[in-house]
Amino acid sequence: MKSSSKIMFGLTTFLGLIAVVYIIATVMVRDDAYLQGAEWAGIVGLVLSAGLTAMLGGYIHITEKRTDILPEDWEEAEVEDKAGVLGFFSASSIWPFLMSVAVLVLGLGVIYLHWWLIVFGAAFLVFTVVMLNMQYNIPQEKH
């Protein structure tokens, strides 16, 4: 088992134990005279968190069995072994700023329940996302 799945299964174990302790603590300890029984919001949250980390750990474990050894699992690895190309980042683009303006307009429409502002903000957001993705596919003279 590799390190990522060990971390997730460790979190599953921890959350499962904390869920058991929480259930016992909320059932046995009664600090209010009028509240009886378990406190369900915390119990459900802890159990679902344990289930989520178990599913993620299982997925990572199955995926890691199919891959070669990773630099973080190799004891003699250096920091440079994991480094690679991180991707292409645009030096100057107006679209991320306009996208944040579109999210602002959409958020203001949701806050004040102005349907016309919600529609305009959503359309503006879709337009800016498309333009951000297509900015290097459009010829320079059309910018």
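A: A helix here is a DSSP run of H or I with at least four residues, and helices are numbered from the N terminus. The model is a predicted one. The part to look at is Ile 24, which is placed in helix 1, a helix that covers residues 3–28.

Start with how open this residue is. The relative accessible area of Ile 24 is 48%. Buried means under 20% and exposed means over 50%, so Ile 24, at 48%, counts as partly exposed. A residue in a patch must have over 30% relative accessible area, and Ile 24 with its 48% is above that cut-off.

Next come its partners. Ile 24 belongs to a nonpolar patch on the surface, together with Val 20, Ile 23, Val 27, Met 28 and Val 29.

Now the whole chain. The accessible surface of the protein is about 11,100 Å², and carbon and sulfur atoms hold 71% of that surface. Of the 143 residues, 17% are buried.

The protein has four helices and zero strands, and read from the N terminus its elements follow the order α-α-α-α. Its C-alpha trace spans about 70 × 55 × 20 Å along the principal axes. The radius of gyration is 25 Å, whereas a compact globule of 143 residues would have one near 15 Å. Among contacts with a separation of 6 or more, 60% join residues 24 or more positions apart.

How values were computed:
Residues are numbered from 1 along each chain as its sequence is written. This is a predicted model: local features need pLDDT of at least 70, side-chain atom pairs count only at pLDDT 80 or more; totals for chains, interfaces and linings use all residues. Side-chain values use heavy atoms; hydrogens and water are left out. Patches are made of residues with over 30% relative accessible area and no salt bridge: like charges are joined within 9 Å, nonpolar side chains (Val, Leu, Ile, Met, Phe, Trp, Tyr) within 5 Å. Accessible areas come from the Shrake-Rupley method with a 1.4 Å probe; for residues, only the protein chains shown count as cover. A salt bridge is a side-chain nitrogen of Lys or Arg within 4 Å of a carboxyl oxygen of Asp or Glu. Helices (H or I, at least four residues) and strands (E, at least two) are DSSP runs, numbered from the N terminus. Buried means under 20% relative accessible area, exposed over 50%, partly exposed in between (1.4 Å probe, protein chains only). The radius of gyration is taken over C-alpha atoms; the globule rule is 2.2 Å times the number of residues to the power 0.38. Contact means heavy atoms within 4.5 Å.
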